[in-house]
Amino acid sequence: MARRRIIAGNWKMNMTPSQAVELCATLKDLVKNDAVDVVYCVPAIDIVPVAEAIKGTNVKLGAENFYIEDKGAFTGEISAPMLKEAGVEYIIIGHSERRDIFGENDILINAKVKKAFAAGLKPILCCGESLALRKAGTYKEWIARQIKWDLTDVTADQVKELVIAYEPIWAIGTGETATADQAQEVCKMIREVIAEMYDAATADAVRIQYGGSMNAGNAAELLAKDDIDGGLIGGAALKPDFGQIVNA
């Protein structure tokens, strides 16, 4: 089936509010494409100014993190209802930096996926392997396990609405990129895991991104693959090059 392409920028911990507004203005005309979903996933402090800056454009708003409770004594955290009211549509969950630096495990990630749906947000669920797992040849088993744990008790109808981002950890921010064939191999495997967990229709519907140093130079080759429906873009999302990726 034809799946709508989705190109999302993960700004990470970059851009002050004023810089964020300036970047939105720079990218406004460069990311115009009615055939592609374009998403800016921004730091929490940038959500409100970016929501205002993208009004009337084709860009959708995403966030980078949230906590699983709606409110309470959780100093420093932000809730899904807060994000929803601020205009957020997409939420990144399970990024390797959240897993590795902040200790988020698959139990918490699964809870976040379910909470995101309950709040009306669309998860961008990240998965991927380390260089050691890649070299050991066990990366497929690792990623399949992540998907199965992270989607425990998530319904087929919900899975059809989420986005899965395959991010080989060894290719994030390193300048290294999986070849188009390597990326396609894993994205195809992820779709097969979804088919096994649910059914073929669900697997055909779910959108799978590649997220390991996709840039203006390699985007077209990666996006030409059958099971790669978009990209989760890091550093290149902060540059005019992002427009070239959107229109690749």
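Accessible areas were computed by the Shrake-Rupley method with a 1.4 Å probe, and for residues only the protein chains shown count as cover. By this method the protein chain exposes about 11,000 Å². Carbon and sulfur atoms supply 53% of that area. The model is predicted: local features need pLDDT of at least 70, side-chain atom pairs count only at pLDDT 80 or more, and totals for chains, interfaces and linings use all residues. Residues are numbered from 1 along each chain as its sequence is written, and side-chain values use heavy atoms, without hydrogens and water.

The protein chain has 12 helices and 8 strands. These are DSSP runs, numbered from the N terminus (helices: H or I, at least four residues; strands: E, at least two). The C-alpha trace spans about 45 × 45 × 35 Å along its principal axes. Of the 248 residues, 50% are buried (under 20% relative accessible area, with exposed over 50% and partly exposed in between; 1.4 Å probe, protein chains only). Contacts are heavy atoms within 4.5 Å. Among contacts between residues at least 6 apart in sequence, 72% join residues at least 24 apart.

The cysteines were examined next. A disulfide is a covalent bond between the sulfur atoms of two cysteines. Here it is counted as a pair of cysteine sulfur atoms within 2.5 Å. The structure holds 0 disulfides. Cys 127 is in none, and its nearest cysteine sulfur, that of Cys 126, is 7.6 Å away. Cys 127 counts as buried because its relative accessibility is 3%. For Cys 187, the closest cysteine sulfur is in Cys 127, at 7.9 Å, which is too far for a bond. Cys 187 is also buried, with a relative accessible area of 0%.
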